[in-house]
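We'll go from loops to a helix, then on to charges and contacts along the fold.

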Amino acid sequence: MVLTIKKVPTVVSNYQEENSEKGFEGCGRNCLGKCCLPVSKLPLYAFKEDNSNLIGNSVEKSSEEQPHMCFLHNLLLGQWEDRMSRGLFRYDVTACDTKIIPGRYGFIAQLNKGRHLKKRPTEFRVDKVLQDFDETKFNFTKVGHFRFEKSIDHNRHFFPSAPPITADSNSSNSSSVVAINVSPIEYGHVLLIPQVLNCLPQRIDHGSFLLALHMAKEAADPFFRVGYNSLGAFATINHLHFQAYYLAAPFPVEKAPTRRIMTMKSPQDEGVIVSQLLNYPVRGLVFEGGSTVQDLSDSVASSCIFLQNNNIPFNVLITDCGRRIFLFPQCYAEKQARGEASQELLDTQVNPAVWEISGHIVLKRQEDFDDASETYAWRLLAEVSLSNKRFHQVKAYLLEAAGFQTEIEENNRDLEREPIYEQPSPEAVAHLPQDCMVFY
């Protein structure tokens, strides 16, 4: 029997924008453009960056912090529902049919005709991972619903109306914002845009990736995942951004078995562990562990930087509140350019980006949704994966780029002796309503 997921809008925000009933200068949207920038006062959520602690299971608050503002429940999902209730989305994603496909992994299929018809088309080359920012193309400099930045006093704070953001392109501390995605894939679908006014192209650096990990950690819920698509791996906007949304079901990739291939020791002797996915249609690596968020972030960011510098498209999924990160080098755009892509996949018009690769497959045609099976999902996703030979070549270079140089050869010889780890499914946490999903 197919399990059908029904989205139930249960989150009621206790957050209200202070300026929602007030007039202000500019275009009237309180945006980040030149029309509103001098007076724009977006809400600010300042997160605590404390790299002296291990990555924990929850977000601990000090007595000096503001415990009433839950980042995920009150702020992010509250703002998302506010925009949905005002009819600001291109379609109602909560009305999209969604089902869990029977089988070992439980691939999730969604029928979303609106995203296919109304999503913004790609405006750049798909054969180059690194391309310069082009201000004449669509970008995010005029969007933003609240700011997400590091606290300066090592405590969490929420400011409903913060001072105007700066447009200093030379500042690494330029404001980062969270924007509601008006073409959502799922409930709570948002964009994280690091240093929004610096107009950075879609390329990962150490600072931006660390910011994304802090967003996952701050949400403090394993059902809130953060994703990244490089150019050539189905990013559609060449302006640095991550995506995130809330889905109260385990992703198939989170349940896939893994085998450890490397551990990088740190001065605190808490190493970053790198594992390889097993028995999954897309070959990939899993990073976890480390003494601090920074340790884990730097290992993954260095690997991503290697891939983009070598023109290898890739996707990243951040799960388990920032404790577990999946990295998928992919080759689908390359196959398309050579005329080697499966006609079956081309006909579906499925874009195998991070969410699809992770097992949440957005379908555009009714017949594909009706006939979806685990075999069908596996066949579609396998088209994206690097060949076994090429994956092992890329893997060796990735591990070297991430700082594992001295152990690669020895560890490869011992790979078959490592145990296979079966992963438990994520469990809901107490601070969110338990009726966000109804199974029938």
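Asn279 sits in the loop that runs between β12 (272-277) and β13 (285-289); helices (H or I, at least four residues) and strands (E, at least two) here are DSSP runs, numbered from the N terminus. Look at its backbone: Asn279 is not a glycine, yet its phi is positive, at about 55°. For background, most residues other than glycine have a negative phi. Cys321 is another non-glycine residue with a positive phi, near 60°. You'll find Cys321 in the loop between β14 (314-319) and β15 (324-329). Cys321 is buried because its relative accessible area is 5%, where buried means under 20%, exposed over 50%, and partly exposed in between (1.4 Å probe, protein chains only).

Before going further, a word on what you're looking at: this is a predicted model, in which local features need pLDDT of at least 70 and side-chain atom pairs count only at pLDDT 80 or more, while totals for chains, interfaces and linings use all residues. Residues are numbered from 1 along each chain as its sequence is written, and side-chain values use heavy atoms, with hydrogens and water left out.

Arg323 counts as buried because its relative accessibility is 17%, whereas Asp320, with a relative accessible area of 26%, is partly exposed.

Now step back to helix α5, residues 293-309. Its 17 residues reach 24 Å from the first C-alpha to the last, close to the 24 Å expected at 1.5 Å a residue; that expected span is 1.5 Å times one less than the number of residues in the helix. How many of the 17 residues of α5 are buried? Twelve are, so the helix is largely enclosed by the rest of the structure. The buried set includes Val293, Leu296, Val300, Phe306 and Leu307, and also Ser297, Ser299, Ser302, Ser303 and Gln308.

Back to charges. A search of the whole structure turns up 14 salt bridges. One of them pairs Glu149 with Arg147, N to O at 2.8 Å, and both of these residues are buried. In another, the side chains of Asp368 and Arg365 meet at 2.6 Å, N to O. Asp368 is buried, at 8% relative accessibility, while Arg365 is partly exposed, with a relative accessible area of 26%. There is also a network: Glu334, Arg338, Glu340 and Arg390 are joined through salt bridges that share partners.

Which residues gather in a patch of negative charge on the surface? They are Glu123, Asp132, Asp134 and Glu135. Patch residues must have over 30% relative accessible area and no salt bridge, with like charges joined within 9 Å and nonpolar side chains (Val, Leu, Ile, Met, Phe, Trp, Tyr) within 5 Å. Glu123 is located in the loop between α2 (113-118) and β5 (146-150), and at 35% relative accessibility it is partly exposed.

Lys128 lies in the loop between α2 and β5 too, and this lysine is partly exposed at 35% relative accessibility. Follow Lys128 across to Pro313: the two are 185 residues apart in sequence, but their C-alpha atoms are 8.3 Å apart in space.

Start with His157, in strand β6 (residues 157-159) and buried at a relative accessible area of 17%. Its C-alpha is 5.1 Å from that of Ala46, 111 residues away along the chain. Next, go to Phe71 in helix α1 (residues 71-85). Phe71 is buried, at 2% relative accessibility, and Phe158, 87 residues away in sequence, is 9.0 Å from it in space, C-alpha to C-alpha.

Finish at Gln110 in strand β4 (residues 108-111). Is Gln110 buried or exposed? At 0% relative accessibility, Gln110 counts as buried. Between Gln110 and Ile100, ten residues apart in sequence, the C-alpha separation is 8.9 Å.

Notes: Accessible areas come from the Shrake-Rupley method with a 1.4 Å probe; for residues, only the protein chains shown count as cover. A salt bridge is a side-chain nitrogen of Lys or Arg within 4 Å of a carboxyl oxygen of Asp or Glu. Lys and Arg count as positive and Asp and Glu as negative; His and the chain ends are not counted. The place of a charge is taken as NZ of Lys, CZ of Arg, CG of Asp or CD of Glu.
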